[in-house]
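Please keep the sequence and the three-dimensional view at hand while reading.

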Amino acid sequence: MPPSDAARAERLGPYFEIQLQLARRMAELTGAPLGETTLRFTNLHRRLGFGVNLPGEPPAPGWADYARALQAEPDLASQLSLSQAVCAASPPERLPLPGQTQFGCFACEPAGDDGAVRLHFNNADTDEAGGPLASPKIERRRAEMAALVRHVREAHPQATVIRGKSWLYNLEAYRRLFPADYGDARTIASGPLRLNGTSSWGQLIDSHERIRPDLRDAVLANLDRLDPAAPWLVFPLRVLATEAPVESFAAEYGL
């Protein structure tokens, strides 16, 4: 394997480990197979190169082999080693994700029947100047959002609001990229919340994919009292939901 792939798998080891720990705890509490809880409550399907697992769809080809191998391993350490080996041997995740149109670090889905456009964020700009939310990159991110809003108005004229749902709305560094009414409207997202993406798990790593020990340890401490009906409550930063009219975004970016 290329050295860079091996290095990335090694770097992501602590991130994979805490996800496997939650999956193991869910399997213990529910009696479900570990492969199933890993699919439903971690983002390893994406992170290990199998792609997005959409609601109601079966996992990608190859996942069943990984799940069987995972369950056959005798302990967490060997399960982690297996997961890192699969990560190192897999191609990186390709963006944009299915059904999304990408604008730098941002992406959006087509407007739904309710006129809502869902906003997504990916770490696509990490360099010597810092991560994608660093102060020197504010105007870069705002230009990407301007392009996204321009696209929404042209391609989806029926769109009325832009919606987001992520742990990132806890951060002023993220909220400053948007119109004030979008940040002001944020509320704690009601469940059930999916855990096979980054809306919750993303808070545990920084922009260089290094574990955040304090947040990892908070999740670990909460596993003993994990509620299998609401596993998202183990995360220290809650997922927040928000929305604002498309025209608020247009006004914010001078469109």
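**A guided reading of the model**

Pro 192 is found in the loop between β5 and α10; helices (H or I, at least four residues) and strands (E, at least two) are DSSP runs, numbered from the N terminus. The peptide bond that leads from Gly 191 to Pro 192 is cis, its omega being near 0°. The loop between β5 and α10 also holds Glu 209, whose phi is near 65°, a positive value in a residue other than glycine. Most residues other than glycine have a negative phi, and most peptide bonds are trans.

This is a predicted model, in which local features need pLDDT of at least 70 and side-chain atom pairs count only at pLDDT 80 or more, while totals for chains, interfaces and linings use all residues. Residues are numbered from 1 along each chain as its sequence is written, and side-chain values use heavy atoms, with hydrogens and water left out.

Glu 209 also takes part in a salt bridge with Arg 8, at 2.7 Å from N to O; the term denotes a side-chain nitrogen of Lys or Arg within 4 Å of a carboxyl oxygen of Asp or Glu. Because Glu 209 lies in the loop between β5 and α10 (213-222) and Arg 8 in helix α1 (residues 3-11), the pair ties together parts that are 201 residues apart in sequence. The whole structure contains 17 salt bridges.

The sheet may be considered next. In what order do the 6 strands form the open sheet? The order is β1-β2-β3-β4-β6-β5, and the pairing is mixed; two strands pair if DSSP finds at least two bridges between them. At the edges stand β1 (101-103) and β5, each of which pairs on one side only. Strands of a sheet pair through backbone hydrogen bonds, either parallel or antiparallel.

The individual pairings can be followed across the sheet. β2 and β3 run antiparallel and are joined by 3 bridges, with Phe 106 opposite Phe 121 in β3. By contrast, β3 and β4 run parallel, also through 3 bridges, and here Val 117 stands opposite Ile 162 in β4. Strand β4 (residues 161-166) is antiparallel to strand β6 (residues 240-245), with 6 bridges between them; Gly 164 faces Thr 242 in β6. Strand β5 (residues 187-188) then pairs with β6 in the antiparallel sense over 2 bridges, and Thr 187 has Ala 241 of β6 as its bridge partner.

Two packed helices are described by the angle between their axes and the distance between the axes. For helix α2 (residues 13-30) and helix α3 (residues 34-41), the axes come within 8 Å and cross at roughly 125°; axes are lines fitted to C-alpha atoms, for helices over the stretch in contact, and angles run from 0 to 180 degrees between N-to-C directions. The contact (heavy atoms within 4.5 Å) is made by residues including Leu 20, Ala 23 and Met 26 of α2 and Leu 34 and Phe 41 of α3.
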